[in-house]
Amino acid sequence: RVERMVANAQAIAEFLESRPEIKSVRFPGLKSHPDHVLAMKQMSGGGTTIGIEFVGDQSQVFAFMNRLRIIDISNNLGDSKSLITHPASTTHRRLGVEVLAQMGITESVVRLSVGLEHSTDLIRDLDQALN
């Protein structure tokens, strides 16, 4: 199960990295990640959670999240179903601005927990929500 989720996350991270709406993709399976080499020595894949920073503000990010059809909005991550969360307004909302900045959590950051759905279905869902 986890191998499928990791493979899905890799495909999605690669897709997102190519999109102009995306400022950065934080996923250790990508060669662009600053700890990619170390992660690949220690892990058999890049994991199942992707940090995504959008070009734009919180309202644009929320609009994107609301357009998703397969991926559900949730505060909990790590299920077999793909889920997305906005940490600045949910899991990390009580932290101060300085702490959030140190953690790289801005109003335009989401976390995507990739599940067992087919990667092409998830990519299509992300693509239609971005468009």
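Modeller: The model is predicted. In this model, the backbone oxygen of Ser74 lies 2.9 Å from a polar atom of the side chain of Thr85.

Colleague: What makes that pair a polar contact?

Modeller: The distance from the backbone oxygen of Ser74 to the polar side-chain atom of Thr85 is 2.9 Å, and the cut-off is within 3.5 Å.

Colleague: Why is Thr85 called buried?

Modeller: Thr85, which lies in strand E4 (residues 83-85), has 2% relative accessibility. Buried means under 20%, so Thr85 counts as buried. Leaving aside residues up to four places away in sequence, Thr85 touches Met65, Ser74, Asn75, Leu77, Thr90, Val110 and Arg111.

Colleague: Why is Ala7 called partly exposed?

Modeller: Ala7 belongs to helix H1 (residues 2-17). Its relative accessibility is 47%; buried requires under 20% and exposed over 50%, so Ala7 counts as partly exposed.

Colleague: What makes H1 roughly parallel to H5?

Modeller: H1 and helix H5 (residues 119-130) pack at an angle of about 30 degrees, their axes being 9 Å apart. Angles under 35 degrees count as roughly parallel, and therefore H1 is roughly parallel to H5. The contact involves Asn8, Ala11, Ile12, Phe15 and Leu16 of H1, together with Ser119, Leu122, Ile123, Leu126, Asp127 and Leu130 of H5.

Colleague: How many residues of each class does the contact of H1 with H5 have?

Modeller: The contact has eight nonpolar, two polar and one charged residues. The crossing of H1 and H5 is right-handed.

Notes. Residues numbered from 1 in each chain as written. Predicted model: local features only at pLDDT ≥ 70, side-chain atom pairs only at ≥ 80, totals over all residues. Heavy atoms only, no water. Helix = DSSP H or I, 4+ residues; strand = E, 2+ residues; numbered from the N terminus. Buried < 20%, exposed > 50% of the residue type's maximum accessible area, 1.4 Å probe, protein only. Polar contact = N/O pair within 3.5 Å; in protein donor to acceptor, adjacent residues only side chain to side chain. Contact = heavy atoms within 4.5 Å. Axes fitted to C-alpha atoms, helices over the stretch in contact; angles between N-to-C directions. Parallel < 35°, antiparallel > 145°, perpendicular 65-115°, else oblique. Left-handed = near helix turned anticlockwise from the far one by under 90°. Nonpolar A, V, L, I, M, F, W, Y, C, P; charged D, E, K, R; others polar.
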